[in-house]
Amino acid sequence: MYVYELDPHTRAYVCQGIHTKPFSIDRPFTADIDFEGLDEM
């Protein structure tokens, strides 16, 4: 999953990371992302 964040100075989105394992974010809201079972969809 690609995670982007809005840069307030340039008003453009910049990549903050590429995740392939479970991870948590706290902006703009708190979320825990787990990819387990995704390939079964």
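A residue is called buried when its relative accessible area is under 20%, exposed when over 50%, and partly exposed in between, with a 1.4 Å probe and protein chains only. By this scale Asp26 is exposed, with a relative accessible area of 57%. The model described here is predicted, so local features need pLDDT of at least 70 and side-chain atom pairs count only at pLDDT 80 or more, while totals for chains, interfaces and linings use all residues. Residues are numbered from 1 along each chain as its sequence is written, and side-chain values use heavy atoms, with hydrogens and water left out.

A look at the whole chain comes first. The chain holds zero helices and four strands, where helices (H or I, at least four residues) and strands (E, at least two) are DSSP runs numbered from the N terminus. Followed along the sequence, the pattern is β-β-β-β. The C-alpha trace spans about 40 × 15 × 15 Å along its principal axes. Of the 41 residues in the chain, 10% are buried. The accessible surface comes to about 3,900 Å², and 54% of this surface belongs to carbon and sulfur atoms; accessible areas come from the Shrake-Rupley method with a 1.4 Å probe, and for residues only the protein chains shown count as cover. Among contacts with a separation of 6 or more, 5% are made by residues 24 or more positions apart, a contact being heavy atoms within 4.5 Å.

Charged pairs are the next topic. Side chains of opposite charge can pair when their charged atoms come close. A salt bridge is counted when a side-chain nitrogen of Lys or Arg lies within 4 Å of a carboxyl oxygen of Asp or Glu, and the count by this rule is two. One of them joins the side chains of Glu5 and Arg27 at 2.8 Å, N to O. Glu5 lies in strand 1 (residues 2-7) and Arg27 in the loop between strand 3 (23-25) and strand 4, so this pair ties together parts that are 22 residues apart in sequence. The C-alpha atoms of Glu5 and Arg27 are separated by 8.3 Å. Arg27 also meets Asp26 in a salt bridge, at 3.8 Å, N to O. Leaving aside neighbours within four places in sequence, Glu5 is in contact with Ala12, Tyr13, Val14, Gln16 and Arg27.

Elsewhere, a negative surface patch is formed by Asp32, Asp34, Glu36, Asp39 and Glu40. Patches are made of residues with over 30% relative accessible area and no salt bridge, with like charges joined within 9 Å and nonpolar side chains (Val, Leu, Ile, Met, Phe, Trp, Tyr) within 5 Å. For charges, Lys and Arg count as positive and Asp and Glu as negative, while His and the chain ends are not counted. Asp32 is in strand 4 and is exposed, with a relative accessible area of 63%. Not counting residues up to four places away in sequence, Asp32 touches Phe23 and Ser24. Asp32 and Asp7, 25 residues apart in sequence, are 22 Å apart in space, C-alpha to C-alpha. Glu40 belongs to the segment after strand 4 (31-33) and is exposed too, with a relative accessible area of 69%.

Conventions
Charge placed at Lys NZ, Arg CZ, Asp CG, Glu CD.
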